Structures are given as structure tokens and as C-alpha cells.
Amino acid sequence: MNRFIQAKNLSLNYPQYSSLLRRQKNMIRAVNDINLTIFKGESLGLVGESGCGKSTLGKALIRFYQPTHGHIFYYPPEHQGSDPIDISTLSSRHLKKKGIRHRLQMLLQDHSSAMNPRMTVMKIIAEAIHARPQKPKGGFHDEILSCLNQVGLNETHLKRFPHELSGGQRQRICIARTLAIQPEFIVLDEPSSALDVSVQAQILLLLNEIRQNLGITYLFITHNLLVLKLVCTRVVVMYLGKIVEILDVQDLFTHAKHPYTLTLLHCVPDLDRKDSIDPPKGEIPNASNLPSGCGFHQRCPYAAKACDQYDPTLKQISSNHWVSCHNI
Ligand SMILES: Nc1ncnc2c1ncn2[C@@H]1O[C@H](COP(=O)(O)OP(=O)(O)OP(=O)(O)O)[C@@H](O)[C@H]1O
Ligand SMILES: [Mg+2]
């Protein structure tokens, strides 16, 4: 498979300022030294507890935020084999000039606030089409309609405002707007979590279909491990700003090794379960005051002596399986 985006030692810190003199108090280390390759056309799942840095990583990869350290290499699909472009330090203007800005997009978690309530569906999509570097060859109106058809909506929705649509339809409009920019990579941040189960299933199937038809690459952020099975090929598990495990989605429920992944799997609701659900003990540590050694050692049932002293590195244990744990 061809590489599409590669993060090398990627870190992103949010500075915290005191309210009085606006002096920097401390730093939230949201993403810490991440190495990750995303391949062209894959749908990579990203899971982890709330606050572990999933959205921050997604926003850094599409250069919505500038990373504090490290590199993000973008491999233009039309120049496979040539040197990648390091986009980590490019300004927004340069990203636009190099024709990269519109290729990397994000679908936000909260679809209600993602749209201007004063704009009709037609204006929302037209605005996105304007963001393309090349304007559509056919008529603008036809292009808007084709974007709507791609997500299963039609002309009757064109003149409506966001509040005149159901939650599922609003999410479809958000997807249509993202597709209207003609991206190559979309970070999908919990795209279905605010929807009821039947609409959720429709949106997931729609996203699968779009990926297959258009060859778009996804980073799919979710809290729902069962959703991963439907839409992803590989899974990355994150804890406290770091990657703790990477594996194929079909191995997640059977071959996961990291104690944190096992804890997450144990929290999946299952009607046939005989034992009770056992959530991870304690709270996720404060990202502005990281613990020494392995970030999970304070909550890990298998923590040994080395765990609070040395930070484990991500080790390859089989062809598509990487784990960061002293005990494995
Ligand atoms: N704009 C920001 N300014 C300062 N701190 C932030 C900002 N955005 C996120 N954070 C902090 O960075 C850390 C990671 O946040 P992030 O939103 O990436 O987590 P997440 O894994 O996406 O969580 P969730 O699953 O709840 O969406 C958290 O401690 C959060 O409070
Ligand atoms: Mg988030």
C-alpha cells in the first residue's frame, strides 16, 4: 500500500496562561511523540478515553493546528515515489498555494454547530465548492445537486435551513459539504455518535460507500469499538497523548495485547456477558503533569517495577501489530 500521511515524533502542546498577567503557567501535552503512517485509501480507526488527544492528533494531521515538535509528511498521490512534502511548518497560505489545503479535511463531532444557521443548504454547499482550487466545469447548480445526491439527499432539501432538517440529514449535509471540497483525506471525529442507532448505521454505510467509490482515506475517531468493525481496516489505540497499540481491526477483539486495550474491550456492552463490566480504575492522569514511566502504570493491573521508571517504546510483535508495554 502507498503511504499517504506520516507523522514522525509528532507532539502538540497547548500552552496554559495565568488569567492575571497572561504568563504561561504550564503546558497541556495533548499529543506526545507520535509515529504513525496512514496508507492511501485505508480507513484507520482511532480510539481511546475522552481527553487522550484523539481530536488534537486529527487536527494536527490535517494542519488545522501547527505541531509543537516533529514532522508530518504528505505523499502526493500523483507523485508516488517522489519525496514527501513536510507540511508541519507550512503556513496556511503555502498549504493553499501548493494545492494541499483542500485535500485534508475534517468532519466535526457536533454537526449542529458545524453549519451557519442563517445559510440554506444550497449556500452551505456552494461555499464549499468555491473552496476548490478548480471551479466545476458544468453549472454550479448541477454540481451542488450532485454533491447532495452523493449523500442520498435531493433538490427538495436545497432551500432548507439547518434547523429544518433532522439530525441524520444535517450530518449528511456536513458530509456533502466536506465532499464538495474534493478532499483526499478526511478526519471523521465521532461522525455518528450524536445520532440514533438506525440513522447511525445509515451514516456508517454511507461513509463506507463514499470511501470505496471515491478512494478517500479516513482517520475515523470513535468511542465505539463495535463501530470500528464496520468501517475500519486498522485500529490505533491512544492513551494520554501516546499510541499504545496498533493492530488490524479483525484482531482487535481476539489478539489485542496492551492492558489498556484489554480494559477498553472489557467495557464494551454485550448482552451475553456473564461477568460485570469493569471500567478502568481511577482517572486519566492530568496531561499538564504527566506521570513518569508508562502513562498507564498507575491504573494498570500488571504494572511492574520498570513501568513507573521507563517509558516503553512501540514494538512490532507481528506483521501488522505494534504494542507499547514493558510486559509484552
Ligand atoms: N484548544 C485547546 N486548548 C487547550 N487545551 C485543549 C484544547 N483542545 C483540547 N485541549 C486539551 O487537550 C487534551 C486532549 O483533548 P482532545 O480534545 O484532543 O481529546 P479527545 O481524545 O478528542 O477527547 P474526546 O474523546 O472527549 O473528544 C485534553 O486535556 C483537553 O482538555
Ligand atoms: Mg475529541
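Student: What makes strand S7 (residues 185–189) and S8 a pair?
Tutor: In this predicted model, five bridges join S7 to S8, and the two strands run parallel. Pairing requires at least two bridges, so S7 and S8 qualify with five. Within this pairing, Ile186 stands opposite Tyr218 in S8.

Student: Why is S8 called largely enclosed?
Tutor: Five of the five residues of S8 are buried, so the strand is largely enclosed by the rest of the structure. A residue is buried if 20 or more other C-beta atoms lie within 10 Å of its own. Both faces are covered: Thr217, Leu219 and Ile221 are buried on one side, and Tyr218 and Phe220 on the other.

Student: Which strand joins S3 to S8 in the count of bridges, and how do the two run, parallel or antiparallel?
Tutor: The bridges are direct: four of them join S3 to strand S8 (residues 217–221), and the two run parallel. Along this pairing, Phe220 in S8 is the bridge partner of Gly45, while Leu46 stands opposite Ile221.

Student: What makes S3 and strand S9 (residues 234–239) a pair?
Tutor: Four bridges join S3 to S9, which run parallel. As the criterion is at least two bridges, S3 and S9 therefore count as paired. In S9, Arg234 stands opposite Leu44.

Student: Why is strand S3 (residues 43–47) also described as largely enclosed?
Tutor: Five of the five residues of S3 are buried, so S3 is largely enclosed by the rest of the structure. Ser43, Gly45 and Val47 point one way and Leu44 and Leu46 the other, and all are buried.

Student: How do you know that Leu107 is buried?
Tutor: Leu107 has 24 C-beta neighbours inside 10 Å. The threshold is 20 or more, so Leu107 counts as buried. Leu107 lies in strand S6 (residues 104–107).

Student: Why are H5 and H6 called roughly parallel?
Tutor: The axes of helix H5 (residues 167–180) and helix H6 (residues 197–214) cross at roughly 15° and come within 10 Å. Angles under 35 degrees count as roughly parallel, and H5 and H6 are therefore roughly parallel to each other. The crossing of H5 and H6 is right-handed.

Student: What makes S2 and S5 edge strands?
Tutor: Four strands form an open sheet in the order S2-S1-S4-S5, with antiparallel pairing. Strand S2 (24–39) and strand S5 (85–86) each have a single partner strand, so one side of each is left without a neighbour in the sheet. Further in, strand S1 (residues 3–17) and strand S4 (residues 69–74) pair in the antiparallel sense over five bridges. Ala7 stands opposite Ile72 in S4.

Student: Which residues are around ligand 1?
Tutor: They are Tyr14, Ile28, Ala30, Gly48, Ser50, Gly51, Cys52, Gly53, Lys54, Ser55, Thr56 and Ala287. The elements giving two or more residues to this shell are S2 and helix H1 (54–61), and H1 gives the most, with three residues.

Student: How many residues of each class does the shell around ligand 1 have?
Tutor: The shell around ligand 1 has five nonpolar, six polar and one charged residues. Gly counts as polar.

Technical notes
Residues are numbered from 1 along each chain as its sequence is written. Chains are lettered from A and ligands numbered from 1 in the order in which they are written. This is a predicted model: local features need pLDDT of at least 70, side-chain atom pairs count only at pLDDT 80 or more; totals for chains, interfaces and linings use all residues. A residue is near a molecule or strand if its C-beta atom, placed from the backbone, lies within 6 Å of it. A residue is buried if 20 or more other C-beta atoms lie within 10 Å of its own, exposed if 12 or fewer, and partly exposed in between; C-beta atoms are placed from the backbone. Axes are lines fitted to C-alpha atoms, for helices over the stretch in contact, and angles run from 0 to 180 degrees between N-to-C directions. Angles under 35 degrees count as roughly parallel, over 145 as roughly antiparallel, 65 to 115 as roughly perpendicular and the rest as oblique. A crossing is left-handed if the near helix is turned anticlockwise from the far one by less than a right angle, and right-handed if clockwise.
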